[in-house]
Amino acid sequence: MTQPDEAFQKGFDAGLTRRILGYIRPYASLAGLALLTTLLFSLIQPLYGLIQRYAIDSAFGPNALSASTPLSLREKLFELVLTAGLTYLGLKVFDFLMRYASTYVINVLGQRVLYDIRADIFTKLQRLPLSYFDANPVGRLITRVTSDVDAINQFITAGLVSLITSSFLIVAYMVIMLNASWQLALISFAVLPILYLVTGYFRTKLRESFRNTRVQQAIVNTKLNENITGMLTVQLFGRENRNGVDFDRSNRSLLGANLRSVSWFAFFQPSVSILGAVASALVLYFAGRAILGEAGMVAAGITLGTLVAFNGWVSQLFQPIQDLADVFNNLQAAMASSERIFGVLDTPVGITDKPDARRLDHFEGRVDLENVWFAYDSAVTADTPDTDERWTLRGIDIHIAPGESVALVGATGAGKTSITSLVSRFYDVQRGAVKVDGHDVKDLAQHDLRRHIGVVLQDVFLFAGTIQSNLTLGSSEISHERVVQACKYVGVHEFILGLPNGYDTEVRERGATLSTGQKQLLAFARALIQNPDILLVLDEATASVDTETEMHIQDALAKVMHGRTSIIIAHRLSTIEHCDRIIVMRRGLVVEEGSHRSLLAQNGYYARLHTLQYAQPDLQEGAAD
């Protein structure tokens, strides 16, 4: 299914073109050199016809060679033809050098621009809020950084060159042809109005085709990414055939879009060739009659050399026009791609630091949620009615003292994870305020805030690299001793030493070679290594850890949580019985609050969850969350 922002209904856009060319500005010297070499070899092209005309008219004109030609004249004519041949060869050598220089410089320029655009997109994606990634599939974003950027590169390295050379050559050929014989030139130009109409028609069709191709390519990339990342689920539930059929449907749509683009492009080139052939036939017909001296024909300036040169010029005139088909090809692809690329680059960051954002070196650890109303739907505002079903959190008031450990309990969708996301300011609230140490998180620098927050998620993400680099997240400021100490705390040190290369063991993408429990332990160690000053947020952290491993890490967690504000989202209620306070949530509301014993004594919602979990072990995994 096509996403709303995938389809665009405009063709050439001067604003987008200026933005693309803006990436060339830092490399003005390279662009200038590319333009110079391109114009030089373009300037040479019409000269070949002039040399041929000169040589033919010298050998076969009024002073042409014959049996009665004096020896001195023969030698002179031979010297003229030899000079013409050597000049022709010299120009070809110069042509080769200029083409080589132009091709090399322009491709270097294109790669520099490609690098800059990719870097800008990546940097922008790093700054966008999580809500953006909630709404945009990974495959579509990958398309932006790969296929769409490549389309712009093709426009710069191929389309832009052809646009310059072809435009220059068309003008140059027209001027030379008019100067050589304005009569034959006007005859040649007779088909140009038809060519203009044909070009306009095909340009529209090509634009629509390439836009649709990009849309289908993004869909295929999205489905491919989903199937690869979800391969365990695909194979576990035997969905290979069904997913194959679904992918084949999208793949065929992409094939159809590509074939439609190819068919229009293939039809355009022969159309230009036919019109070029018509122009050549007209020149041959009228020039031939003029040279033969047929009555009624004006033969002024029309010689055999002029006829041969004109025949070449007409073919060469229509060649750059035909080359413009490639320019339209690249231009349409670049316009469609640049719309999407700049759509990403122009996406409002949403969550930004204020110019005077506060930077705190140390947090005491007080966390306050004051009348917080929050919804993931960006269309929800502070004025949205309280009864709207899109609200995730409804008037939440939670106050956590420094060093206090608080557990959040509730069914799936109750809003537990949303609270931890708001404390880290991955999202902003629509109403109310989230405060740390009395400061609204909107007034704090995001990097500074998150630097003090250690987070352990249920779905652990490990980067491709070594165990050490995953634990330190590439920070050179973290010593190996500190890493080892944290790993000993969570009981993962011995496991790491048992690996082939210890802490330098390579980890495959997403930790494919590690068990879920091992990855979870590494995630605990990673959080501890960052040494959060005041806050350790555990989001379903022990959900995938077996009972023995869970018991093993409880002691380490107790040490780490001591003196730190801790927010724990419970999966198994046994893991949070020791917490200072338990907050029970249901449908975005706080329904109960107290210690484990006091909540059981109330015999309310928490007590029912506790009874259900312990009375029916088979349902243990789903009761709490």
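How many cavities of 30 Å³ or more does the count come to?

1. Cavities. The structure is a predicted model, and the count comes to 2 cavities of 30 Å³ or more. Rolling a probe the size of a water molecule over the atoms shows where empty space is left. The second largest cavity holds about 30 Å³ of space.

2. Lining of the second largest cavity. The residues around the second largest cavity are L422, R425, Y427, D428, V429, V434, D440, V441 and K442. Sorted by class, this lining comprises 5 nonpolar and 4 charged residues, with no polar ones.

3. The second largest pocket. A volume of about 340 Å³ is computed for the second largest pocket. Its lining consists of 19 residues, and those nearest the pocket centre are F41, R99, T165, L169 and D323. Four helices are to be named here: α2 (28-60), α3 (71-127), α5 (138-180) and α10 (304-345) are the elements that supply two or more residues to this lining. The most is given by α5, with 7 residues. In class terms, the lining of the second largest pocket has 10 polar, 7 nonpolar and 2 charged residues.

4. Helices α5 and α7. Helix α5, which lines the second largest pocket, also packs on α7: their axes come within 9 Å and cross at roughly 160°. An angle over 145 degrees counts as roughly antiparallel, and α5 and α7 are therefore roughly antiparallel to each other. The crossing of α5 with α7 is right-handed. On the α5 side the contact is made by V138, G139, R140, I142, T143, S147, D148, A151 and M174, and on the α7 side by L192, R214, Q217, A218, N221, T222 and N225. These contact residues divide into 7 polar, 6 nonpolar and 3 charged.

5. Helices α7 and α9. Helix α7 (residues 192-229) also packs with helix α9 (residues 240-291), at an angle of about 160° and with the axes 9 Å apart. That angle makes α7 roughly antiparallel to α9. The crossing of α7 and α9 is left-handed, whereas α5 passes α7 in a right-handed crossing. By class, the α7 contact with α9 contains 19 nonpolar, 14 polar and 4 charged residues.

6. Helices α14 and α16. From α14 the contact draws on R482, V483, A486, C487, Y489 and V490, while α16 contributes L521, F524, A525, L528 and I529. The contact of α14 with α16 has 10 nonpolar residues, 1 charged residue and no polar residues.

7. Points to check on the structure. One is the centre of the second largest pocket, where F41, R99, T165, L169 and D323 lie nearest. Another is helix α7, which is roughly antiparallel both to α5 and to α9.

Methods. Residues numbered from 1 in each chain as written. Predicted model: local features only at pLDDT ≥ 70, side-chain atom pairs only at ≥ 80, totals over all residues. Heavy atoms only, no water. Axes fitted to C-alpha atoms, helices over the stretch in contact; angles between N-to-C directions. Parallel < 35°, antiparallel > 145°, perpendicular 65-115°, else oblique. Left-handed = near helix turned anticlockwise from the far one by under 90°. Nonpolar A, V, L, I, M, F, W, Y, C, P; charged D, E, K, R; others polar. 1 Å grid on protein atoms, 1.4 Å probe; cavity = no way out; pocket = protein on both sides within 12 Å on 5 of 7 lines; lining within 4 Å. Points joined across faces, edges and corners; volume = space filled by probe spheres on them. Contact = heavy atoms within 4.5 Å.
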